[in-house]
Amino acid sequence: MRNTCYLNSVAQVLMRTPAVLEWVRQHHANGCPRERGACVLCALFLTYRQVVEASCSGSRCIPVLAARRAAVGEAFSGCDQHDAVEFLEALLARARAEEIRMSRYAFWGGVQIDQQVATHAERLFSFVRETRRRCTCCAGQVRSWCSAERVLRLQPRIVDGGPMTVTDMYMDFCAAVDGGEE
């Protein structure tokens, strides 16, 4: 298949993550009525089985996830090149929807999200981001809210000594916005 390197990269990382493998194994073991169709968790599990069992080899072999990539999102149905992070985010959103559809979730209150529930997608890949805003009128009132995030977007910059490392970017992200006050 042409132009599926984004998909292959995501699948390789997910299939090498023990918690993800356990998730898709349990999903498969518990049964899924959409196994042969649009379930992205089933497609990932079946792709894993193809690799482990070496049941698919050669240039004519198409991984199940690649064959069913339109189930992740219509944008991925063609042979266009895509960003791996966008594909991962879409795959996790579809997996989340599948888990909710099958009532495999727990309540997750107080977090801005489409439904206040947590599935394995949130348990494995999400974090809570707190945002605070100070009132510009009274300069004392602080409003805060929490949102679920899946990708921590870091901004690289050049600093004394050269380009920032990933650790530098993370620490910069965590720093207080108002000049270091805690």
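**Notes on the predicted model**

1. Let me start at one residue: A84 sits in helix α5. Keep in mind that this is a predicted model. With a relative accessible area of 28%, A84 is partly exposed, as it falls between the 20% and 50% cut-offs. Setting aside neighbours within four places in sequence, A84 touches Y6 and V10. A84 also pairs up in space with S9: the two are 75 residues apart in sequence, yet their C-alpha atoms are 7.1 Å apart.

2. Stepping back to the whole chain, there are seven helices and six strands. Reading from the N terminus, the order is α-α-α-α-α-β-β-α-β-β-β-β-α. The radius of gyration is 20 Å, well over the 16 Å that the globule rule gives for 182 residues, so the protein chain is more spread out than a compact globule. If you want dimensions, the C-alpha trace spans about 65 × 45 × 30 Å along its principal axes.

3. Now for burial and surface. Of the 182 residues, 31% count as buried. The accessible surface comes to about 11600 Å², and carbon and sulfur atoms own 51% of that. As for contacts with a separation of 6 or more, 45% of them join residues 24 or more positions apart.

4. Which residues have the most contacts inside the largest nonpolar core? They are L44, L65, V72, F87 and L91, in a core of 33 residues. Five helices each supply at least two residues of this core: α1 (5-15), α2 (18-30), α3 (40-53), α4 (64-67) and α5 (84-101). Helix α3 gives the most, with eight residues.

5. Once neighbours within four places in sequence are left out, L91 is in contact with L14, V40, L65 and V72. Two of these partners, L65 and V72, are also on the list of residues with the most contacts inside the core.

6. The loop between α3 and α4 is worth a look, and I62 is found there. Is I62 buried, partly exposed or exposed? I62 counts as partly exposed, because its relative accessibility is 37%. Its C-alpha atom is 9.1 Å from that of T47, which is 15 residues away along the chain.

7. S55 lies in that loop between α3 and α4 too. At 53% relative accessibility, S55 counts as exposed, the cut-off for that label being over 50%. Apart from neighbours within four places in sequence, S55 is in contact with R49 and Q50.

8. Last, a backbone detail to check by eye. S103 belongs to the loop between α5 and β1 (106-107). Its phi is near 60 degrees, a positive value in a residue other than glycine. Most residues other than glycine have a negative phi. S103 is also exposed, with a relative accessible area of 56%.

Definitions and conventions:
Residues are numbered from 1 along each chain as its sequence is written. This is a predicted model: local features need pLDDT of at least 70, side-chain atom pairs count only at pLDDT 80 or more; totals for chains, interfaces and linings use all residues. Side-chain values use heavy atoms; hydrogens and water are left out. Helices (H or I, at least four residues) and strands (E, at least two) are DSSP runs, numbered from the N terminus. The radius of gyration is taken over C-alpha atoms; the globule rule is 2.2 Å times the number of residues to the power 0.38. Buried means under 20% relative accessible area, exposed over 50%, partly exposed in between (1.4 Å probe, protein chains only). Contact means heavy atoms within 4.5 Å. Accessible areas come from the Shrake-Rupley method with a 1.4 Å probe; for residues, only the protein chains shown count as cover. A nonpolar core is a set of buried Ala, Val, Leu, Ile, Met, Phe, Trp, Tyr and Cys residues joined through side-chain atoms within 4.5 Å.
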